[in-house]
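Hi everyone, thanks for coming.

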Amino acid sequence: MTNPSNLPAVTASILQRALQGQSPSDEEAMLLADCGDTRALADVAQQLRDRGFNNVVTYSRKVFIPLTHLCRDVCHYCTFAQVPRKLKAPYMTLEEVLEVARHGQTMGCKEALFTLGEKPELRYKAAREALAEMGYASTTEYLLAAAEAVFKETGLLPHLNPGNLTPEELAELRHASPSMGIMLESAAERLTEKGMPHYGSPDKVPAVRLQTLRNAGMANVPFTTGILIGIGETRLERIESLLALRAIQEEYGHIQEIIVQNFRAKPETKMVNAPEPDLNELLWTIAVARILFGPDMSIQAPPNLSPGVLPQIVHAGINDWGGVSPVTPDFVNPEAPWPHLEDLRRETAAAGKYLTERLTIYPQYATELDRWAHPDLHERILEMIDAEGYPRTDDWCPGDIDTAPPEEVMTAIMDAPRQVSGDISTILQQADAGEPLQEADIIRLFRARGDDLTAVVQAADRLRRQVNGDTVSFVVNRNINYTNICYFKCQFCAFSKGKLAENLRGRPYDLSEEEIARRVQEAWSRGATEVCMQGGIHPEYTGDTYVNILRTVKAAVPDMHIHAFSPLEVWQGAATLDMELVPYLEMLKAAGLGTLPGTAAEILDDEVRAVICADKINTSQWLEVMEAAHQVGFNTTATIMYGHVEGYRHWARHLLRVRDLQARTGGFTEFVPLPFVHMEAPMYLKGKARKGPTFREAILMHSVARLALHGYIHNIQTSWVKMGHQGVKGCLNAGCNDLGGTLMNESISRAAGTQHGQETSSEQMRRIIGSLNRNPRQRSTIYRDVSREREQAGLQAGALTDIINTPARKYERKRPSASLVRNDLIDTVNVSGG
């Protein structure tokens, strides 16, 4: 930064070090009280904010539930608190609470903000009698009941602001609320003295409120807090208040936002004639808060309290507008209506930022639920979030035919970006120049939203055009899954029919040689050049079983290309014959194997594999099989199965591990993103996984793969089975050049719940591609041209004969369970987070 001539050298040094990542000490922070250059402070603050939140400013779509207006405190600026004689009833009834919540649910709200006066039963007989009549001993107990009712009936996430709480109260409320809050307002004891705004309000004693914040930290409750400016405090006292909050945050890490709220004088209060803080005071305080808390803390300012100046507030360093309700007024500031969300979006954009929703529990806490949320809330929160912890804002899910790709993302793919973040532009320039992207670069690309998303997608598509032109390829093939019996316990798989899997789809089967041969011959007659063969790991299968399958195919149709056996099957097959990988792969090659699918990769990071497939081959083993296959002369594909329990850092590591192997071997023909289909997956049904990626994330996976693998893997494929026909059109405009196979029979994704069918014919493939003004090309497995005869056979294909899944025979296990080939990852870890 440049030092304005009027900025003292000490202050300039403090700000320079802040930009270098060194937070001001308490003593240095105090010196900022004398800094009158708001612009210099804001320049630093917005740079810090951008490091933590990029181009995003958030808000929570909420409904406001004022459970009671009674309060034992008498703050001199407050119109929320009322005496019993002015109220229709001391408390809202549960039915009234639910009516408001239901209305919020229909309007797309995700948060139910419970605001109430503090412990009114300690002051008012009317409160005590009302609670007793309803069967509750305290306001806190009734609040818990109301929050539970809202959560169970509507799915809205309660955020509770009941004031000071004991550790025991926090522990109880945590069952029904993923976040809570208390405004410190000020740490200045002076404001509790006679004649000051907190006089006569025992719950506003700073030490009491700070203790509640500590209690919340010990209870691992994500908490909101902040300061109220303009109520008689000095700038130095504001800084002291912020430092008190920072000290607690450094100890517990549970404060998810700092609110800087400007006092508004209200009629019928003792402070009706008190001067309100001007805009400069608000901007100064926001900037100082950002400098003290650094790039990662959310700094919030309520938009309804400062109409007309929202871009200036953004420039001062905020990244959040707080809760905004399309349903209910701000009961604390009833004179200040919420801005319309479109107006808020427009004013945020005027500041160069993209407005997006968040939940009441912030992303960094929503992605670490084991620590920060009660288990009763996990399933609902996972249902609501993406891999970064932001809320899903549309209904699209992989495999669901009833939900179309969201128009916002489909439009963003084609729009011209207006304001692209500087770091995104730099990363995209590196990718375009062929410079290898690093993990942090790839994570940043996955976080792209708004104009940044558009820039990433369009950069990927430019590379696609550069490498592949306007040709889109596909292969006519048939999937043959020879058994659905499997002794592995992958938590995402609804296809395997092992022990205790009877509640999932289909009966156990093990295809006969005759049925395999029949399907191969039928596939050839319908224009196929490839059979793609995989199955469960049957406990009676050995390496010889896979050799026999290959011989069966070649005997039926000698010219059929066999694309078969995941690295798991290869690993298991070799182990059962006590062979090294290379000799076993050579045996498979001699028997007719042509190429290998890169499935069983899931996420190539053992943090994730320990959760979703602990007994499966680990990351290094998957890579070892692929490297051995490439050494033997096989081409293979590489896949990623994403959108369940992992975060963006795991996606980045996966891409880098694939790229590193490709740099050594050059054996991967394509990269295939496979979004998690959740409907029948065991870990989703147990409430342990998200419901697949959002459409934004799915598009980005294809785009970022193109950018990260540029110069290494030339073909990026999109799966019509997972994405649907409309979804793949989006991907083809986002860096993809291949539609994969026609499949004829698709079993694994259908077992998981996808509804996009078993086959997309050659004619349908050409129609999809033509609708985008691209050139269709039927290819072979290894991306060579196919004969005209094969093309014609595919175009003239008749209806498929019904398949026969040969019922599995009962068998006596020849090997004890302990001898089955497994690779248990014993030490499970928390894998959440971006």
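Let's begin with a word we need: a residue is called buried when its relative accessible area is under 20%. Please also keep in mind that this is a predicted model.

Now, find strand 11, residues 477-481. How many of its five residues are buried? Five of the five, so by the under 20% cut-off this strand is mostly covered. Look at which way the side chains go: Asn477, Asn479 and Asn481 point one way, while Arg478 and Ile480 point the other way. Both groups are buried.

Which strand does strand 11 pair with? The partner is strand 12, residues 530-534, and the two run parallel, joined by five bridges.

Let's zoom in on strand 10, residues 471-475, which pairs with strand 17 over two bridges. Here Ser473 stands opposite Asp738 of strand 17.

Now for some helix pairs. The axes of helix 21 (residues 543-556) and helix 23 (residues 581-590) come within 9 Å and cross at roughly 25°. Angles under 35 degrees count as roughly parallel, and that is why we describe helix 21 and helix 23 this way. Their crossing is right-handed. Helix 21 brings Gly543, Tyr546, Val547 and Leu550 to the contact, and helix 23 brings Tyr584, Met587 and Leu588. Sorted by class, that contact has six nonpolar residues, one polar and no charged ones.

My last pair is helix 3 (residues 38-53) and helix 10 (residues 279-293), whose axes come within 8 Å and cross at roughly 45°. That angle makes helix 3 oblique to helix 10. What is the handedness of this crossing? Helix 3 passes helix 10 in a left-handed crossing. Among the residues that meet are Leu41, Ala45 and Phe53 from helix 3 and Leu283, Trp284 and Ile291 from helix 10. The contact as a whole divides into 11 nonpolar, two polar and two charged residues.

How values were computed. Residues are numbered from 1 along each chain as its sequence is written. This is a predicted model: local features need pLDDT of at least 70, side-chain atom pairs count only at pLDDT 80 or more; totals for chains, interfaces and linings use all residues. Side-chain values use heavy atoms; hydrogens and water are left out. Buried means under 20% relative accessible area, exposed over 50%, partly exposed in between (1.4 Å probe, protein chains only). Helices (H or I, at least four residues) and strands (E, at least two) are DSSP runs, numbered from the N terminus. Two strands pair if DSSP finds at least two bridges between them. Axes are lines fitted to C-alpha atoms, for helices over the stretch in contact, and angles run from 0 to 180 degrees between N-to-C directions. Angles under 35 degrees count as roughly parallel, over 145 as roughly antiparallel, 65 to 115 as roughly perpendicular and the rest as oblique. A crossing is left-handed if the near helix is turned anticlockwise from the far one by less than a right angle, and right-handed if clockwise. Contact means heavy atoms within 4.5 Å. Ala, Val, Leu, Ile, Met, Phe, Trp, Tyr, Cys and Pro count as nonpolar, Asp, Glu, Lys and Arg as charged, and the others, Gly among them, as polar.
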